[in-house]
Amino acid sequence: MPERVRIVFDDADDVPVAKQVPETEEIQGSKPVKRKDQPTDHQKQKRKKRKLEGSTDTRSQEFTSSNETQPEPVSRDTNEKDAVNGVANGTSDHLKNKNHKTKKQAPQGTKQNFTSLREKAKALYETRKNLPIFPHGDEIRRNLRTNDVMLLVGETGSGKSTQIPQFLVNEQWCRPTKATVAQDDGSEKEMTVGGCIAITQPRRVAAISLARRVAEEMGTPLGSSSPASKVGYSVRFDTSTSPSTRIKFLTEGMLLQEMLHDPSLTKYSAIVVDEVHERGVNVDLVLGFLRNLVSGKKEGRGGVPLKVVVMSATADMESLMDFFKEGLQAQGDTNTTNGNTCQQDSSQPNVEGKISVCHIKGRQFPVKTIYAPAPVHDFVDAALKVIFQIHYKEPMPGDILVFLTGQEMVEALEHLVNEYATGMDPALPKVQVLPLFAALPQVAQQRVFLPAPPRTRKIILATNIAETSVTVSGVRFVVDCGKAKIKQFRTRLGLDSLLVKPISKSAAIQRKGRAGREAPGQCYRLYTEKDYLALDETNTPEILRCDLSQALLNMKARGVDDVMGFPFLTRPPRESLEKALLQLLSIDALEESGKISSIGLHIAKLPLTPTLGRVLLAASEHGEGCLLDVIDIISCLSVENIFLNTTSEEKKEEAEKARRDLYRREGDHLTMLATVQAYAAENTDRKAWAERHMVSHRAMQSVMDVRKQLTTQCRQAKLLPSAGESRNASNNSATREPSPVLILQSFLRGFSTNTARLVPDGSYRTVVGNQTVAIHPSSVLFGKKVEAIMYNEFVFTNRSYARGVSAVQMDWVGDALTGA
C-alpha cells in the first residue's frame, strides 16, 4: 500500500490498473481482461449501426454507462505526458485501441483522432443534458442577443462554468467580425474583432481542469496539442492555445496582462467572469475595466459590442446590478428577471446597455454535518483521527476531501496518513493520499481528478484551492478545519503578512457542498457549532485587506492615472491606496508626478509581484550571471518551502547533516540558490538526490518549471541574450561562483522596507515601523545574530516571524531606502 502511495507523484507510469479496470466494471463482476477484449467487435458494430439508424434509446443507455468509465483515461494519459499536449493523442490512443481492434499502433491520421474525440463528446452529452443549467441554454442565448451584460447566479453544481461558454460559442455575435478600428495616432485600421470567449477563474488549477473538461465535451483536442483545437487555457507560466481557439479559460491576472497589449480586448466577443463571490483583487479590477468597456463608445472595437457575463455561486447580485447600472445608465434602462429562469420579452427592440439577471438552481444532495464537541487545537491530529474513523466505518465507494490551511499542514498530514496506513488491516480497502495546493506541479494537481484504483479510497488533502470551481468526482466525505491562510495588510508594518484566520459561513457552506455533488454525503467540521454561528457571513473582499501595490501598478500600466476615479466594486480605504502608491514610488515604478515610469512598465509586463519584478530588473543591471542566479531564487519563492518539514529534534539534526553542503552563512536566499543549482546539476537521479538532502522533490519540480518560464520571459523582455548566445553562461552556472553581495543588493532594491536591525537587547526591530520581529525557526539564520536582516514575508502565528531571511549590511539598507 505505502509503495503505491509514494509513487503517485512520480512521472513514471503509475498504477495502470486504475485505467483498465474502472469501478463500474468491477461492480458488474466480469474479469478485467475479458471485459477489455471481448466486447470490442460488438461495440464497434453497435456504434456503426447506431450512427446509421439513429437509435436514441440505446445511445442514451450506452453513453451514460460509458460516461462513467471512459472520461478518466484522458486525464491519466494527459498527466503521464506533459499535461497539455497529451489530451488529443492520449484520448484517441485509448479509444482507438478499444474501437479499432485491427490497428494496434497509435493513430496516425487526424481524422481518426477527431472521430474518437467526437465519440467521447457524444457520450458526455448525456451527462451534460442532466445538468440543471442545460434546459436554460436557449433563454440565456436569447438574453445575450439583446443585452450586453448578464448577471448569473448559478448555485453549486448547476454546471455554469462548463456550459455557458458552450451555449454561446456558436452564436452569430460570437463570430469574428471585420471592423474599422481607430488607432491612437488618429488613423483607422481594418481588423478582425471577436471570435473567442474568455472565461476567467480565480485559480490556475480550476482554469486548466475546466478547459480540459470543456475540450472533452466539445470533442476537440486541448490547447496547443493541435492547430484545430477550439479550447485552450492561459495561466501564469503556462499558456496552451491554438490559432483555432474559440473558448479560452484563464486566470484573472492573465486577462489583465492581455489588456496591457490590447486594452479593448479585440480578440474576444464575450468575457465570462466566474466565481465573483471570491472577491479577489484581480476580479474587482477586471470588473472595473469591463464596466468601462461595455459603457464606453467602443471605438477601440470598431463599434463591435463586448458581451459580459458575471457568474457567481453566492454573490450579492444587487450590488453588481447597481455597479453595472451606474456605468450604463446613460445608455438605457435595465431589465431584470428573477426566479429559476431568465425569460425576457423578445419582442422588445435591441436596446444597448440592458442588463439581465438569471438565477439557476443547483444540484445538491443532502449533506449531514457533524461538529466537533469541543474546540480543536491540533488540526492535523484531529483530521488524522477523523480520516481513519471514516475509512474504518464507512463503506466504499466514498472518497474523503480534507480542507487544511497550507502546504506545510498538507504535507505533514500526508506523511502521517501514509505512515499510519502501513499498519492497517490488509482486509481493509487501501488508501491513496493526494495533496492539492497552489504550488503543486500541474501534473500532480491533475491526478486528483483521476479515479482511484480498485478497492482504494482517495484521500485528498487540499487548501481552499478546492473550495470552488473544481469538482473532484467520488467525494462523499468532507473534513473541514474551518481555517484558511489569508493575506492581511499590516498598516504599521507597511506590508502583507500571511495569517491563519477563520473562514466565512459562505466558505464553510461551499466546503460542505463538495460532499453532496454526486450523492448524499457527510461533512465533519473540526470546530463547534457555536464557532460556526460566530463566523462572518461572507468573505471580506481582498481589496479591503491586502497590499494594493500590484493592483495600482496594473491600473497605471493600463492608462488609469486617476486611481480615485476608477470604478471599484468595493472602494478600498484611502490609507491603503496611499501606502501602495508610496511603495511603488520607493521601487521606482512611478515618477514623482504619479505617472508610471519606464521601470514600472517593465515590471507590469512580468508575471511577478512589483517587488520581485524590481529585484529582477536590478539584477539585470549586474549582468547575466547575477540575473540567472536571482531567477533561481525567485523560482524557489514561488513555492511555500523547498525543504521537507522536520517534526522531531532527531529529524532536525538529521536534516542539518543532510543539508550541510547546501546551507550558506549569508542566509536563506543563497541557500535556495545553492539548492536549485545542485539539483539542476544532478543528472542521474534527482529524486534520490532530493531524498538524500531532505529536499522536496515535488517542490523542486515546480521550481524548475517556473525557472524555465522566467528565463524565457526575460529573454523575450531582452533582459537576457537569446538562448544560443547565453548557452555557455547558463551551462556554467554550477561552476560559476555567484556573487552574494550583488544578489542581496538586488533583492534590497525590491525589499528595502522588509528589513530589520539588531538592537542592544538582542532582538530585531523593523527599519520601517520599529516592530519587533524574530527569525523563523525554519531559517538558516535562526538563533544567529547579524547586523541587519532582509526578509521575504512576515508571518504571524504565536509571535511575529520573518521568513526567507538573509544577512545584509545597514549601509546597503540605507542606500536601498534612499534609492542610491
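Colleague: Which residues of α10 meet which residues of α11?

Modeller: In this predicted model, G137, I140, R141 and L144 of α10 meet I164, F167 and L168 of α11. Sorted by class, the contact between α10 and α11 holds 5 nonpolar, 1 polar and 1 charged residues.

Colleague: How should I read the spacing of the residues in such a list?

Modeller: An α-helix has 3.6 residues a turn, so residues three or four places apart point the same way. In α10, for example, I140 and L144 both belong to the set that meets α11, and α10 itself covers residues 137-146.

Colleague: What angle and what distance describe the packing of α10 and α11?

Modeller: The general idea is that two packed helices are described by the angle between their axes and the distance between the axes. Here helix α10 and helix α11, the latter formed by residues 160-168, pack at an angle of about 60°, and their axes are 10 Å apart. That angle makes α10 oblique to α11, and the crossing in which α10 passes α11 is right-handed.

Colleague: At what angle do the axes of α16 and α17 cross?

Modeller: The axes of helix α16 (residues 379-393) and helix α17 (residues 407-421) cross at roughly 40° and come within 10 Å. The two helices α16 and α17 are therefore oblique to each other, and their crossing is right-handed.

Colleague: Which residues make up that contact between α16 and α17?

Modeller: From α16 the residues are F379, V380, A383, L384, I387, F388 and Y392, and they meet M409, L413, L416, V417, Y420 and A421 of α17. By class, the contact of α16 with α17 consists of 13 nonpolar residues, with no polar and no charged ones.

Colleague: Is the crossing of α13 and α14 left-handed or right-handed?

Modeller: The crossing of α13 and α14 is left-handed. The axes of α13 and helix α14, which spans residues 281-295, come within 9 Å and cross at roughly 40°, and that makes α13 oblique to α14. On the α13 side E252, G253, L255, L256 and M259 take part, and they meet N282, V283, L285, V286 and F289 on the α14 side. The residues of this contact of α13 with α14 divide into 7 nonpolar, 2 polar and 1 charged.

Colleague: How many residues of α13 are buried?

Modeller: Helix α13 (residues 252-261) is mostly covered, with 8 of its 10 residues buried. For the chain as a whole, 56% of the 820 residues count as buried.

Colleague: Does Q510 count as buried or exposed, and what does Q510 touch?

Modeller: The cut-off to keep in mind is that buried means under 20% relative accessible area. Q510, which lies in helix α19 (residues 505-513), counts as buried at 7% relative accessibility. Leaving aside residues up to four places away in sequence, Q510 touches T156, H277, A313, T314, E467 and T468.

Colleague: Why does Q701 count as partly exposed?

Modeller: Q701 counts as partly exposed because its relative accessibility is 22%. This residue, Q701, lies in helix α29 (residues 697-716), and the C-alpha atoms of Q701 and Q442 are separated by 10.0 Å, although the two residues are 259 residues apart along the chain.

Colleague: Turning to the backbone, what is phi of K718, and where is K718 found?

Modeller: Phi of K718 is near 65°, a positive value in a residue other than glycine. K718 is found in the loop between α29 and α30 (723-731), and at 73% relative accessibility K718 counts as exposed. N770, likewise not a glycine, has a positive phi of about 55°; N770 sits in the loop between β20 (764-766) and β21 (772-775) and is partly exposed, with a relative accessible area of 37%.

Colleague: Which residues does a cis peptide bond join?

Modeller: A cis peptide bond joins M396 and P397, with omega about -5°, and P397 has its place in the loop between α16 and β12 (399-403).

Methods:
Residues are numbered from 1 along each chain as its sequence is written. This is a predicted model: local features need pLDDT of at least 70, side-chain atom pairs count only at pLDDT 80 or more; totals for chains, interfaces and linings use all residues. Side-chain values use heavy atoms; hydrogens and water are left out. Axes are lines fitted to C-alpha atoms, for helices over the stretch in contact, and angles run from 0 to 180 degrees between N-to-C directions. Helices (H or I, at least four residues) and strands (E, at least two) are DSSP runs, numbered from the N terminus. Angles under 35 degrees count as roughly parallel, over 145 as roughly antiparallel, 65 to 115 as roughly perpendicular and the rest as oblique. A crossing is left-handed if the near helix is turned anticlockwise from the far one by less than a right angle, and right-handed if clockwise. Contact means heavy atoms within 4.5 Å. Ala, Val, Leu, Ile, Met, Phe, Trp, Tyr, Cys and Pro count as nonpolar, Asp, Glu, Lys and Arg as charged, and the others, Gly among them, as polar. Buried means under 20% relative accessible area, exposed over 50%, partly exposed in between (1.4 Å probe, protein chains only).
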